[in-house]
Amino acid sequence: WEPFYQRLLAEADQHCAPAYLYDVFSVAELPEIVRWLPKDAAAVALALCTLGDQIEVRIGDVAQHDLVSAVILDEIALALITAFTRQIHASIGNYPCARGLKAGPAYRPGVGRWPLETQRTVFARLPARDIGVTLNEQLWMTPAKSTSLIIPLLDRNQSRRIGSGQ
């Protein structure tokens with residue numbers, strides 16, 4: 001089985017075109033999402049990342065003749081976008097350190113307490129088309145192997161006071 005999985009991993013790699021973008025905003029610039037942010041958020045990073053549309057096309061082509069391989073290829077693409085999302089979050093986490101801030105957890109619109117409607121905020125503030133990502137009327141992203149992130153940048157001093165029990 002290993003050569004089979006290695007072949008599919010190589011195929012996924014060949015058809016993925018990772019791209020991302022992000023920008024940092026003051027909390028005051030994003031009044032529509034303030035109620036979901038931690039109280040010690042001083043700024044917010046909004047981010048989009050994608051594997052591009054070719055992996056989805058390839059999965060569809062493979063599904064025409066080999067459904068098992070298509071499902072595995074789709075799972076590989078899901079693992080890749082998840083890893084890419086974590087990498088973007090870690091990269092953004094390096095940004096605020098010199099400014100006395102630290103990156104909080106990454107939130108995704110439509111997951112947990114974050115309503116899917118917050119997708120509108122992300123897409124209104126970032127040039128998503130620059131990386132080939134669009135949002136439909138149902139607030140789903142195309143290509144499907146794309147992720148949006150909301151990352152609060154927390155005031156280290158305020159967080160320290162909260163953490164020390166003061």
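**Helix 1 against helix 3**

I started with helix 1 and helix 3, which pack at an angle of about 60 degrees with their axes 10 Å apart, and I noted that this makes helix 1 oblique to helix 3. The model is a predicted one, and I kept that in mind for each entry below. Helix 1 passes helix 3 in a right-handed crossing. On the helix 1 side I listed Phe4, Tyr5, Arg7, Leu8, Leu9, Glu11 and Ala12 as making the contact, and on the helix 3 side Ser69, Ile72, Leu73, Ile76 and Leu80.

**Helix 1 against helix 2**

Next I turned to helix 1 (residues 2-15) and helix 2 (residues 54-63), whose axes come within 8 Å and cross at roughly 135 degrees. That angle makes helix 1 oblique to helix 2, because it falls in neither the roughly perpendicular range of 65 to 115 degrees nor the roughly antiparallel range over 145. Helix 1 passes helix 2 in a right-handed crossing. The contact is made by Glu11, Ala12 and His15 from helix 1, together with Gln54, Ile55, Arg58 and Val62 from helix 2.

**Helix 2 against helix 3**

To complete the set I looked up helix 2 and helix 3, and found that their axes come within 7 Å and cross at roughly 160 degrees. This makes helix 2 roughly antiparallel to helix 3, because angles over 145 degrees count as such. The crossing of helix 2 and helix 3 is left-handed. Helix 2 contributes Ile55, Arg58, Ile59, Val62 and Ala63 to the contact, while helix 3 contributes Leu67, Ser69, Ala70, Leu73, Asp74 and Ala77.

**Glu11**

Is Glu11 buried or exposed? At 10% relative accessibility Glu11 counts as buried, because the cut-off for that label is under 20%. Leaving aside neighbours within four places in sequence, I found Glu11 in contact with Arg58, Val62 and Leu73.

**Ala90**

Further along helix 3 (residues 67-94) I checked Ala90, which is partly exposed with a relative accessible area of 49%; the label follows because exposed would require over 50%. I also looked up the separation between the C-alpha atoms of Ala90 and Ala106, which are 16 residues apart along the chain, and it is 9.6 Å.

**Helix 4 and the strands**

In helix 4 (residues 118-125) I noted Thr118, Gln119, Thr121, Val122 and Phe123 as buried. Against which strands do the buried residues of helix 4 pack? They pack against strand 2 (41-50), strand 4 (134-135), strand 5 (141-142) and strand 6.

**Loops on either side of strand 5**

Leu139 lies in the loop between strand 4 and strand 5, and its phi is near 70 degrees, a positive value in a residue other than glycine. Leu139 is buried, with a relative accessible area of 8%. Pro143 lies in the loop between strand 5 and strand 6, and the peptide bond from Thr142 to Pro143 is cis, with omega near 0 degrees.

**Thr147**

Thr147 has its place in strand 6 (residues 146-155) and is buried, with a relative accessible area of 9%. The side chain of Thr147 is joined to that of Thr85 by a polar contact of 3.2 Å. Apart from neighbours within four places in sequence, Thr147 is in contact with Ala47, Leu48, Cys49, Ile81, Thr85, Arg108 and Met141.

**The chain as a whole**

The secondary structure comes to five helices and six strands, following the pattern α-β-β-α-α-β-α-β-β-β-α along the sequence. Of the 166 residues of the chain, 41% count as buried, and the accessible surface comes to about 9400 Å², with 53% of it belonging to carbon and sulfur atoms. Among contacts between residues at least 6 apart in sequence, I noted that 74% join residues at least 24 apart.

Notes
Residues are numbered from 1 along each chain as its sequence is written. This is a predicted model: local features need pLDDT of at least 70, side-chain atom pairs count only at pLDDT 80 or more; totals for chains, interfaces and linings use all residues. Side-chain values use heavy atoms; hydrogens and water are left out. Helices (H or I, at least four residues) and strands (E, at least two) are DSSP runs, numbered from the N terminus. Buried means under 20% relative accessible area, exposed over 50%, partly exposed in between (1.4 Å probe, protein chains only). A polar contact is a pair of N or O atoms within 3.5 Å; within protein, one must be able to donate a hydrogen and the other to accept it, and residues adjacent in sequence count only if both atoms are side-chain atoms. Contact means heavy atoms within 4.5 Å. Accessible areas come from the Shrake-Rupley method with a 1.4 Å probe; for residues, only the protein chains shown count as cover. Axes are lines fitted to C-alpha atoms, for helices over the stretch in contact, and angles run from 0 to 180 degrees between N-to-C directions. Angles under 35 degrees count as roughly parallel, over 145 as roughly antiparallel, 65 to 115 as roughly perpendicular and the rest as oblique. A crossing is left-handed if the near helix is turned anticlockwise from the far one by less than a right angle, and right-handed if clockwise.
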